[in-house]
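Work through the exercises below with the model open. Each task is followed by its solution in steps.

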Amino acid sequence: MSDSPSSQLPTDATTAEVDVQPNTAAPLDASGNAKMRQMLGMKGAAKETNIWKIRLQLMKPITWIPLMWGVICGAASSGNYTWTLENVLISAACMLLSGPLMTGYTQVVNEYYDREIDAINEPYRPIPSGAISLPQVIAQVWVLLLAGIGLAFVLDQWAGHEFPTITCIAIGGAFLAYIYSAPPLKLKQNGWLGTYALGSSYIALPWWTGHALFGDLNLTIVVLTLFYSFSGLGIAIVNDFKSIEGDRQLGLKSMPVMFGVTTAAWICVLMIDIFQGAIAGYLVYIHQNLYATILVLLVIPQIVFQDMYFLRDPLKNDVKYQASAQPFLVLGMLVAGLALGHAGV
């Protein structure tokens, strides 16, 4: 869910540690990077006029990747995945569900309800720039939602589920995405709750989907992935640094607004590191020592990049940090999934 979900504040929003100026226009980039950013839905995008490219920008393809990867981790943790053509195709369909359809739905909903914030932070985005009308956005939301639920039902039928587990996960995820962005609940207004909701959407929900597709989703996997999602909470905080000005003006209690930039950065990295370490400890507990060792080794470079980039200047280096450190985090997720599948958890 956008940049996915969400305590009280020791630092008032008016005493932020840095002065962040809102963006008033997309940066010029003769090399074409701005166009690529537009296609991916990244900050610093060029303004687009093609309606289909605009619709793609609303869906933020850059955010699909973690959830599609989560499906792979869930399939691994089931212990039942085999490399057959049928399984590859059904896995691809499941990644289509978690990525373009459900994450795309989440991002469009978030763009719709964040249009006032984007008018401050990223006025060149499709909705605040007037490149697409609100009725067109609402229609896109419904198409993505219904297509996602329909595909989830097909996957349940393929898996032979008597209870439509994947369909329920899709509906539950869609509801969570809605209350994350939309009033009156608007979970993203609450720093801790909203950021955890977003973190669990990155890790737990697609993991459950992949596991349920090839195995029986059980309470142990549910609890472990919800615990693992606290690392996802740390990932979600990274996304908050780019929208401090708009969040502050509109009263949204993101972590950087609540605690200030430096403290929020430390909360972010500690959540990422501590909960991965705890998962490694659990792997030792279930006698998966090799996998636990690999997971710890994958955490070490994340700590190095946190020190090199993120903790020194989270506002300037947030994207650089994500690009350098997050590949190790997602590889760690797969290692954990393989370990759980090997142990028959």
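The model is predicted. In it, K60, E111 and R125 are joined in a network of salt bridges.

**Exercise 1.** Take the network of K60, E111 and R125 apart into its pairs, and place each residue in the chain.

Solution. 
- Step 1. K60 and E111 meet through their side chains in a salt bridge, with N to O at 3.3 Å. K60 lies in the loop between α2 (51-59) and α3 (64-78) and E111 in helix α4 (residues 85-113), so this pair ties together parts 51 residues apart in sequence.
- Step 2. E111 also forms a salt bridge with R125, where the closest N and O atoms are 2.7 Å apart. Because R125 lies in the loop between α5 (115-121) and α6 (134-159) and E111 in helix α4, the pair ties together parts that are 14 residues apart in sequence.
- Step 3. K60 and E111 are both buried, and R125 is buried as well.

**Exercise 2.** Find how far apart the closest N and O atoms of D114 and K188 are, and state whether the two residues are buried or exposed.

Solution. 
- Step 1. The closest N and O atoms of the D114–K188 salt bridge are 2.5 Å apart. The pair links distant parts of the chain, 74 residues apart: D114 is in the loop between α4 and α5, and K188 in the loop between α7 (165-181) and α8 (191-202).
- Step 2. Both D114 and K188 are buried.
- Step 3. The count of salt bridges comes to 4.

**Exercise 3.** Classify the ring pairs Y81–W83 and F230–F275.

Solution. 
- Step 1. For Y81 and W83 the centres are 5.1 Å apart and the planes stand at 85°, so the pair is edge-to-face. Y81 is partly exposed at 22% relative accessible area, while W83 is exposed at 74%.
- Step 2. For F230 and F275 the centres are 4.8 Å apart and the planes stand at 20°, so the pair is stacked. F230 lies in helix α10 (residues 219-240) and F275 in helix α13 (residues 261-285), so the pair ties together parts 45 residues apart in sequence.
- Step 3. F230 counts as partly exposed at 28% relative accessibility, and F275 as buried at 15%.
- Step 4. Y81 and W83 form one aromatic cluster with W158 and F214.

**Exercise 4.** Which rings do R55 and R115 sit over?

Solution. 
- Step 1. R55 has its charged end over the ring of W52, 5.8 Å from the centre.
- Step 2. R115 lies over the face of Y112, 4.4 Å from the ring centre.

Key. Residues numbered from 1 in each chain as written. Predicted model: local features only at pLDDT ≥ 70, side-chain atom pairs only at ≥ 80, totals over all residues. Heavy atoms only, no water. Phe/Tyr/Trp six-rings, centres within 6.5 Å; stacked < 30°, edge-to-face > 60°. Buried < 20%, exposed > 50% of the residue type's maximum accessible area, 1.4 Å probe, protein only. Helix = DSSP H or I, 4+ residues; strand = E, 2+ residues; numbered from the N terminus. Lys NZ or Arg CZ within 6 Å of the ring centre and 35° of its normal.
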